[in-house]
Every structure is written in C-alpha cells, then in structure tokens.
Amino acid sequence: MATSGVKLYGGRPSPYVNRVVMALEMKSVDYELVEMNPYEKSELLIKINPIHKKIPVLVHGDRPICESLIIVQYIDDAWTNGPSILPTDPYDRATARFWAAFIDDNFFPLLREMREAEEEAKRLVFEKVLEAFALLEEAFITISKGKAFFGGDTVGYLDIALGSFVGYLRLSEMLNANYKILDETKTPLLAEWAERLYSDSLVKDAMLDPQKLLESLTKFQAMPKTDSN
C-alpha cells in the first residue's frame, strides 16, 4: 500500500502518539507528524476526531483513524511489508489484546494516580503499580516464550503497547529514585526488555527520551489537561 498521504496528528511526548510512531517506524512508512498541543482541543482535532477529541489521529489519504491501539492494528493490516506487529495465531492475538487492554485499563491509570497523589498516598499507589507490573512480568515470561520481546524475536504489539510508557517509567525514577518501577531485582526480565527496546534497530529512534520528556512536561505543566489514547 502506498505510503503517501499519511499524517499523524499528536504531540510527540504522548505515549499514545509514541505507539503509532513505533508502528510506523517498524513498517518503514513515510509520514508527516503534525504537532498538536496535547492539552488543547483545537478545531482541527475536533474535526478529525469529533467523538473523543483526543490524540493521536492517523489520517491515511483523507480517512482518519483514532485510538492508539486501533491505529497500530490498522497500520499492521494496511502495510504488510516489514515484520508483523500482531501475532498471526488467533489465540496469541487475543492474548496480546487482553494484556494491551490491561495496560490501558489498569496499569496506566495507576501510574496517573501515583503521579497526582500526595506523598502519603503515593507510596500506597506505588505498591499497586508494582503489583500490576509484576503481572506484566509474568505475562512476558509466558508470551515471549523465552525470547527477547513480547513479540518473540522482534518487537510486537505488546512491546509497543507497554514500551510507549518506558520513557515515563525512566523519568519517574529520574525524578525520585524511591519510585523505581523498572527494578532489576523485582522484575528483572522487564528491566532487561526495556534496555533492548532502546537498542533495537526497528524502534530505538522512536523511543521517548526521559530528559526530553521532562522538558516537554515542564513546558505544558500549567496548561489544562485533556486525555489522549
């Protein structure tokens, strides 16, 4: 499928936008990133995503596709060149989608709650985050089948779904070493997996840099928040 006329609307620091960037890079798709303030619902955003009014939005030709994981699946279906993102086996596909939903419905809300909590409550939420991450470590053991990534020998759907948050996990540790989630002693396999993502030839250029994230968050911290996914 032709790669012309592909535009990605969203703020680069968004982990949800990052998912789409990772998928596009894996498939070697030429695209234009149209930067949007993630904290502002512009007229253009409302036009291309009138239901949720959130980033990211991928426009292919004149057709918009919304919601990060749906976009990743679309990219996998639309561009068959390069490695497959979703597993080919129906059960493995269903399993990958289950854990991707767990990341969005359970893990990320805990990260957000921990970020917004006062110090006394933050430690309690942090323990819940670690419990959720331990479940993801167990899932990695089963799904990876002893290989480098959730996707096996190459980055796959779950690597993208969770990997888009790794920059933020590193940023959290950088800001406060007491809240280390990528802990080599508690979840050693995921700690090693995260390191491999930052060196993998397919996605290393798409991975979010913690220092740049900090600069972006500082820039927008006074602005009202909207969601993206």
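**Reading a predicted protein chain**

Me: What is the relative accessible area of Lys180, and how is it classed?

Reply: Lys180 has a relative accessible area of 23% and is therefore partly exposed. A residue is buried under 20% relative accessible area, exposed over 50% and partly exposed in between, with a 1.4 Å probe and protein chains only. This is a predicted model, in which local features need pLDDT of at least 70 and side-chain atom pairs count only at pLDDT 80 or more, while totals for chains, interfaces and linings use all residues. Residues are numbered from 1 along each chain as its sequence is written, and side-chain values use heavy atoms, with hydrogens and water left out.

Me: With which side chain does Lys180 meet in a salt bridge?

Reply: In general, side chains of opposite charge can pair when their charged atoms come close. The term requires a side-chain nitrogen of Lys or Arg within 4 Å of a carboxyl oxygen of Asp or Glu. Here Lys180 meets Glu184 at 2.9 Å, N to O. Glu184 is partly exposed, at 47% relative accessibility.

Me: How many salt bridges does a search of the whole structure find?

Reply: The search finds 8. One of them joins the side chains of Asp104 and Arg19 at 2.7 Å, N to O. This pair links distant parts of the chain, since Asp104 belongs to helix α4 and Arg19 to helix α1, 85 residues apart. Asp104 is buried because its relative accessible area is 18%, and Arg19 is buried with a value of 0%. Asp153 and Lys147 form another salt bridge, at 3.7 Å, N to O. Asp153 counts as exposed at 57%, whereas Lys147 is partly exposed at 43%.

Me: In what order do the elements of the protein chain run from the N terminus?

Reply: Helices (H or I, at least four residues) and strands (E, at least two) are DSSP runs, numbered from the N terminus. The protein chain has 9 helices and 4 strands, in the order β-α-β-α-β-β-α-α-α-α-α-α-α.

Me: Which residues of α3 are buried?

Reply: Helix α3 spans residues 68-78 and is mostly covered, with 8 of its 11 residues buried. They are Ser68, Leu69, Ile71, Val72, Gln73, Ile75, Asp76 and Ala78. As a general idea, an α-helix has 3.6 residues a turn, so residues three or four places apart point the same way. The buried residues of α3 pack against α1 (15-26), β3 (57-60), β4 (63-66), α4 (90-116) and α6 (157-163), where contact means heavy atoms within 4.5 Å.

Me: Where does a cis peptide bond occur, and what is its omega?

Reply: Most residues other than glycine have a negative phi, and most peptide bonds are trans. A cis peptide bond joins Ile55 and Pro56, with omega about 5°. Pro56 lies in the loop between α2 (43-48) and β3. Lys53 is found in the loop between α2 and β3 and has a positive phi, near 55°. Lys145, in the loop between α5 (119-144) and α6, has a positive phi of about 55° although it is not a glycine.

Me: What share of the residues of the protein chain count as buried?

Reply: Of its 229 residues, 49% count as buried. The C-alpha atoms fill a box of roughly 50 × 45 × 30 Å along the principal axes.
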